[in-house]
Amino acid sequence: MEESQENGCTPISVRMTEPVFIQPETETCKEPYFLSSLDHAVIDMMKTVYIYKLDGKKSSEEARDLIKQALAKVLVHYYPLAGRLRRSSSGNLFVECNNSIKGVPFVEAVADSEIEKLGDITVPDTVTLENLVYDVPGVENILEMPLMTAQVTRFKCGGLVFGMAINHCMVDGISAMQFVNSWAETARGITLTMPPVLDRSILMPKKPSVDKNDSETLTEVEISDVSKIETLYQEQKMIYKSFKFDQNRLAGLKKKAMENGELTYCSSFTVLAAFLWRARSQALKMKPQQQTKLVFTVDIRSKLKTNPLPKGFFGNGVLVTQCLCTAEELVQKPFSFAVKMVQNAIQMVNEDYIKGFIESFDVNARPPSLTATLVITSWTRIAFNAADFGWGEPTQFGSTRIPKEVGLFIPEGKDKNGIVLVLGLPVSAMNTFQELITSIRLSC
């Protein structure tokens, strides 16, 4: 099983200009913009970078200008991104979109090196990659932060990197790529293939918040760190690595999951999520009685039958589900046990669950415990390669940082049928994890 070098980038020097603020090219709605309960789940900036080798199709200056001009045009359709967050009298967030708002900061930058110096960005070098995404200095209050920023960095070789930061309260991964792809289509001068549906009221609670005890599945469980996992993270250096699971290896995991007859079908996501949860728990040497949790999101776009989200819905259309057991159960029981837990967590997200989640959000709106928890973020169904601004798809795409609790799944291979797993662990745990990876021969 191949793995990338840890932190594959090499430090580079980037010289930035002062930001200019891009507003929608024409007049847009000035009314306050509603955010749903699902939008309130994560209020944080997602930072991503796209690497382009222009290969003479355009100069980096021409490409930069085209991206900048297209932003003003596409913001006419996605005007809330030019606004700022505000709090209502009830404490909920909304977006102010009036004329006093400055717009989206756009930064032009020049790097002192060739683009090849970035190497493989699958495993993020946060220090290097965050130089390629504009972060407003000195701003910590979310009400002062722009909802997105854009930066285009030109390299000596003629290539460029497009870096974007966007607040998770505005988008999930699918909506973020919908916006970027619309931006790219605008740059190419074509009509948007999926115009955004901005109305989020469909996800507004239909009745007063239910009592927290109404749904056991929505109750947050406090987990004690009996295995001293946080101490391990504090005492040792974190290492990030990536591991490739091609179709053959994924097929082997599926075969192992079904060998005892408990399961008749399993997807690539469920077997890899179960495998990672299991192996990570072993690598962190969790004690048998340690409760451990797996958390991931489920796309609800296809699950709302009575009142479905419209095609092109722009916002957060995912919610969190989870699995919980002891480390002893997870490791000692057959592999099918973990896979079945993942399957059950997905299946429980039906229309009633979604409705209960939305209606109880105000009651349960406290940060979840991440003790002994693995959070899986999957990008395998997100069309990153469609971000063609007129000179071809990006040669690489990546995140600038991965939190220590997160395992990231990204598509692998020309046909995107494999999965690359990226995660970070304390050095001793990573050594154990690698031993598990190389020694399993899919014997899980």
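Me: What is the mean pLDDT of the protein?
Reply: The mean is 89, and 91% of the residues reach 70 or more; pLDDT is the predictor's confidence in each residue, from 0 to 100. This is a predicted model, where local features need pLDDT of at least 70, side-chain atom pairs count only at 80 or more, and totals for chains, interfaces and linings use all residues. Residues are numbered from 1 along each chain as its sequence is written, and side-chain values use heavy atoms, leaving out hydrogens and water.

Me: What makes 62 residues a nonpolar core?
Reply: A nonpolar core is a set of buried Ala, Val, Leu, Ile, Met, Phe, Trp, Tyr and Cys residues joined through side-chain atoms within 4.5 Å. The largest one has 62 residues, and Leu294 and Phe245 are among those touching the most other members. Helix α6 (residues 268-283) gives the most to this core, with 9 residues; helices (H or I, at least four residues) and strands (E, at least two) are DSSP runs, numbered from the N terminus.

Me: Why is strand β15 described as largely enclosed?
Reply: Buried means under 20% relative accessible area, exposed over 50%, partly exposed in between (1.4 Å probe, protein chains only). In β15 (residues 406-412), 5 of the 7 residues are buried, so the rest of the structure largely encloses this strand.

Me: How do you know that β15 pairs with β16?
Reply: Pairing requires that DSSP finds at least two bridges between two strands. β15 and β16 (residues 418-426) have 6 bridges, so they count as an antiparallel pair.
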